[in-house]
Amino acid sequence: MKKLVAYITTGFPDLAFTVDASLALAEAGVDTLELGMPFSDPVADGPVIEAANLKALQNGFKLEHLFEASAKIAPHIDTLWMGYFNPFYHKGMEKFIAEANKASVNGFIIPDLPFEEAKPYKPLIEDAGLNLIDFIAPTDSKERIEQIVTDAKKFIYLVAYAGITGAGKSEDLQTIITHIKTFTTTPVYVGFGVDQSTAKEKAKGVDGVIVGSAFVKVLLNETLSNSQKIKKISEIAKEIKEKINQ
C-alpha cells in the first residue's frame, strides 16, 4: 500500500483547528503528518503555503504552540516537523530534539539544510531515535544520489521538479527513481505539485506521495467554516490515498 504524507501549517487558522484537522486526516487514511512551522521566508514553498505561513505568524504563532499541538497529535499519527533551518539554528537542535521526543514526534524535514550541511546534526538527531529526511532533486547526478540515499532513513523526499511547491509542473522522474532504488531500499515519496488530479501519475514507481498545497488551499478558503474545511481536507486525503493505490 502506497503511503500518503499530508502537510498542514501549524496554528492556521488557529491551534485547536490544527489539532482537530490532524486527527481527522489520520482518520481519513493519512499515514504521516508534516506539521509546518510557520516562517516568514519559506523559500521552497509556493504562494499558497507562504500565505498560510504569513497568516499564522500574524495570528501570533510561537514555537511553543508547535510543541503544544504536537503533544496532542503525535501519539495518534506518525508526525514530522517541517521547518526552515533558521529556527532550529536559533533555538538549538538539542532543544528541538528534546521537544520532539517529549511530544512523540518522529523527526524533521528541513528543506533549506543541504545534505552536506546536515552532517553535523544527523548523528545527534538519529542518536535520539529521530529521523532527518533527505531530499533528492531531479537535477542531482547519479553520484550525488548515491551519496545522499545510502544512509537515508524513514523515507526519501523526491522533489518532483526544480522550483517551489504547488507550482504544478511535471518532469519524468522514472530515471531518477531507478537511480535512487539502485542504492537503497528506503521508501521514496514524491512531493511538489501532488493533488487529486496528479497523484495517480506522480505515484508511479514510488512508495508514497507528499501533499501540501492541495490541503492548505482549503485552509485558506474563507468561505468555509472550520468544520467544512476539515470535512473537505478529509475527502481530499481519502481520494488521493485511493488514487495512488489503484
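Helices are DSSP runs of H or I with at least four residues, numbered from the N terminus. Thr18 is found in one of them, helix α1. The views below show parts of a predicted model.

**View 1**
Helix α1 covers residues 15-27 and lies across β1 and β2. The helix runs at about 170° to β1. Thr18 belongs to helix α1. Its relative accessible area is 0%, and buried means under 20%, so Thr18 is buried. Not counting residues up to four places away in sequence, Thr18 touches Ile8, Thr9, Thr10, Gly11, Phe12, Leu35 and Ile73.

**View 1. The open sheet.**
Nine strands form an open sheet with parallel pairing. Their order is β5-β4-β3-β2-β1-β9-β8-β7-β6. Which strands are at the edges? They are β5 (131-132) and β6 (134-136), and each of these pairs on one side only.

**View 2. Strand β3 between its partners.**
Strand β3 (residues 78-82) pairs with strand β2 (residues 32-36) in the parallel sense, over five bridges. Leu33 stands opposite Thr79 of β3, and Leu35 has Trp81 as its bridge partner in β3. Three bridges join β3 to strand β4 (residues 107-109), and these two strands also run parallel. Here Trp81 stands opposite Phe108 in β4. Five of the five residues in β3 are buried. Asp78, Leu80 and Met82 point one way from the strand, while Thr79 and Trp81 point the other way.

**View 3. Trp81 in the nonpolar core.**
The largest nonpolar core has 90 residues. Which of them touch the most other members? They are Leu25, Trp81, Phe108, Ile136, Leu158, Val209 and Phe215. In soluble globular proteins, nonpolar side chains tend to be buried together. Leaving aside neighbours within four places in sequence, the contacts of Trp81 include Leu35, Met37, Leu66, Phe67 and Ser70. Trp81 is also in contact with Phe96, Glu99, Ala100, Val105, Gly107, Phe108 and Ile109.

Helix α2 (residues 47-58) has twelve residues. From its first C-alpha to its last it reaches 16 Å, close to the 16 Å expected at 1.5 Å a residue. Which residues of α2 are buried? They are Val48, Ile49, Ala52, Asn53 and Ala56. Seen down the axis of α2, these buried residues fall within an arc of 135°, so they line one face of the helix. An α-helix has 3.6 residues a turn, so residues three or four places apart point the same way. The exposed residues Pro47 and Gln58 are on the face of α2 turned away from its buried side. What covers the buried residues of α2 includes β1 (3-9) and α11 (213-220). Just after α2, Gly60 takes a positive phi of about 95°.

**View 4. Thr186 in a loop.**
Thr186 lies in the loop between α9 (174-183) and β8 (188-191). Thr186 and Lys154 are 32 residues apart in sequence, and their C-alpha atoms are 6.6 Å apart in space. Not counting residues up to four places away in sequence, Thr186 touches Ala152, Lys153, Lys154, Phe155 and Ile156.

Terms used
Residues numbered from 1 in each chain as written. Predicted model: local features only at pLDDT ≥ 70, side-chain atom pairs only at ≥ 80, totals over all residues. Heavy atoms only, no water. Core = buried A, V, L, I, M, F, W, Y, C linked by side-chain atoms within 4.5 Å. Buried < 20%, exposed > 50% of the residue type's maximum accessible area, 1.4 Å probe, protein only. Contact = heavy atoms within 4.5 Å. Expected span 1.5 Å × (residues − 1). Arc of directions from axis to C-beta. Pairing = 2+ DSSP bridges. Axes fitted to C-alpha atoms, helices over the stretch in contact; angles between N-to-C directions.
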